[in-house]
Amino acid sequence: MPPEEAKCPEEGSPSEEFLSCCYSCKKKLDNGDHIYMYRGDKAFCSFDCRSEEILGEDDSDRLDDNSSRNCSPKSSFHGNLF
């Protein structure tokens, strides 16, 4: 039988129920289950689910960094330093 999917709070809305389900796979988290936390407001059912979120954020941060570098104005100074 597949894991029970919990009624999870909407993303971005703070709730007392954020510990009721896995942020990644939406599996219901019961009392007594191990809960893996990330950034204090995201609960996960396993190390793997939490790792996926962390790696996903790292990838999007890298993409944001690269796009901001590509859009930054180039210096017009081309003179010799010496």
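Is lysine 42 buried or exposed, and what is its relative accessible area?

Author: Happy to take you through it. A note on the source comes before the details: this is a predicted model, in which local features need pLDDT of at least 70, side-chain atom pairs count only at pLDDT 80 or more, and totals for chains, interfaces and linings use all residues. Residues are numbered from 1 along each chain as its sequence is written, and side-chain values use heavy atoms, with hydrogens and water left out.

Now to your residue. Lysine 42 is buried, with a relative accessible area of 12%; here buried means under 20% relative accessible area, exposed means over 50%, and partly exposed is in between, using a 1.4 Å probe and protein chains only. The side chain of lysine 42 meets that of glutamate 53 in a salt bridge, at 3.0 Å from N to O. This pair links distant parts of the chain, since lysine 42 is in strand S2 and glutamate 53 is in helix H1, 11 residues apart. Helices (H or I, at least four residues) and strands (E, at least two) are DSSP runs, numbered from the N terminus. Glutamate 53 is buried as well, its relative accessible area being 18%.

As for the term itself, a salt bridge is a side-chain nitrogen of Lys or Arg within 4 Å of a carboxyl oxygen of Asp or Glu. Side chains of opposite charge can pair when their charged atoms come close. By this rule the count comes to 4 salt bridges.

Another of them joins glutamate 57 to arginine 39, with the closest N and O atoms 3.3 Å apart. That pair, too, links distant parts of the chain: glutamate 57 belongs to helix H1 (residues 47-71), while arginine 39 sits in the loop between strand S1 (36-38) and strand S2 (42-44), 18 residues apart. Glutamate 57 counts as buried at 14% relative accessibility, whereas arginine 39, at 57%, counts as exposed. Put together, Arg39, Lys42, Glu53 and Glu57 are linked in a network of salt bridges.

Lysine 28 and aspartate 30 also meet through their side chains in a salt bridge, at 3.8 Å from N to O. Lysine 28 counts as partly exposed at 32% relative accessibility, and aspartate 30 is partly exposed at 39%.

The structure holds 1 aromatic pair. The rings of tyrosine 23 and phenylalanine 44 have their centres 5.9 Å apart and their planes at 70°, so the pair is edge-to-face. For such pairs, rings of Phe, Tyr and Trp (its six-membered ring) need centres within 6.5 Å; planes under 30 degrees apart count as stacked, over 60 as edge-to-face and the rest as tilted. Tyrosine 23 lies in the segment before S1 and phenylalanine 44 in strand S2, 21 residues apart. Phenylalanine 44 is buried at 0% relative accessible area, while tyrosine 23 is partly exposed at 22%. Lysine 26 lies over the face of tyrosine 23, at 5.3 Å from the ring centre; a charge sits over a ring if NZ of Lys or CZ of Arg is within 6 Å of the ring centre and within 35 degrees of the ring normal.

Finally, the cysteines: the structure holds 0 disulfides, a disulfide being a pair of cysteine sulfur atoms within 2.5 Å. The sulfur of cysteine 22 has its closest cysteine sulfur in cysteine 25, at 3.7 Å, too far for a bond.
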